Amino acid sequence: MNRFRITLGEEANFEEVWRTRDTHLAGVPGFKEFQLLRGPEREDHTLYASHSVWESREAFEAWTKSEAFRAAHRNAGDNKGMYLGHPEFEGFEVAVS
């Protein structure tokens, strides 16, 4: 997951960016699913998390080194005014299922 702190009032714009962007995930080996999650509203931001599920840590790490990853993140800096700081990556593995 990546956690994003989005400036209050920019939530609809942020969601539209994610709704309309090409993730370049179709056909990536090991990719299972993705959701953009909206969290609580704070004093100066709304918290979001991009949540993706992969077959394995190795599949995820391979994607982060791929051309598909570079293409998906090529325009990431275009909307800097929406963000309070950089996204925070948090990686989790299944402990119990």
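**Helix, sheet and pocket**

Tutor: Let us start from the helix α1, whose buried residues pack against β1, β2 (31–41) and β3. Please keep in mind throughout that this is a predicted model.

Student: Which residues of α1 are buried, and on which side or sides of the helix do they lie?

Tutor: The buried residues in α1 are Glu11, Phe14, Glu15 and Trp18. They cover an arc of only 95° around the axis, and therefore they lie on the same side of α1. As a general point, an α-helix has 3.6 residues a turn, so residues three or four places apart point the same way. The answer is thus Glu11, Phe14, Glu15 and Trp18, on the same side of α1.

Student: Which residues are exposed on the other side of α1?

Tutor: Exposed here stands for over 50% relative accessible area. On the other side of α1, the residues that are exposed are Ala12 and Thr20.

Student: In what order do the strands of the open sheet stand, and which are the edge strands?

Tutor: The open sheet has four strands with antiparallel pairing, in the order β2-β3-β1-β4. Each edge strand pairs on one side only, and the edge strands are β2 and β4.

Student: How many bridges join β1 to β3, and how many join β1 to β4?

Tutor: Strand β1 (residues 2–7) runs antiparallel to β3 (residues 45–54), and Ile6 stands opposite Thr46 in β3. Strand β1 also runs antiparallel to β4 (residues 88–89). The number of bridges is six between β1 and β3, and two between β1 and β4.

Student: Which element supplies the largest share of the lining of the largest pocket?

Tutor: The largest pocket holds about 1300 Å³ of space, and 42 residues line it, with Asn2, Ser50, Ser52, Trp63 and His73 nearest its centre. At least two residues of this lining come from each of β1, α1 (11–20), β3, α2 (57–64) and α3 (67–72). The largest share, five residues, is supplied by β3.

Student: How many residues of that lining are nonpolar, polar and charged?

Tutor: The division is made over the residues that line the largest pocket, 42 in number. Sorted by type, they come to 19 nonpolar, 15 polar and eight charged.

Technical notes:
Residues are numbered from 1 along each chain as its sequence is written. This is a predicted model: local features need pLDDT of at least 70, side-chain atom pairs count only at pLDDT 80 or more; totals for chains, interfaces and linings use all residues. Side-chain values use heavy atoms; hydrogens and water are left out. Two strands pair if DSSP finds at least two bridges between them. On a 1 Å grid over the protein atoms alone, a cavity is a set of points where a 1.4 Å probe fits but cannot get out, and a pocket is an open set with protein on both sides within 12 Å along at least five of seven lines; lining residues have an atom within 4 Å of a point. Grid points are joined across faces, edges and corners, and a volume is the space filled by probe spheres set on the points. Ala, Val, Leu, Ile, Met, Phe, Trp, Tyr, Cys and Pro count as nonpolar, Asp, Glu, Lys and Arg as charged, and the others, Gly among them, as polar. Buried means under 20% relative accessible area, exposed over 50%, partly exposed in between (1.4 Å probe, protein chains only). The arc is that of the directions from the helix axis to the C-beta atoms. Contact means heavy atoms within 4.5 Å.
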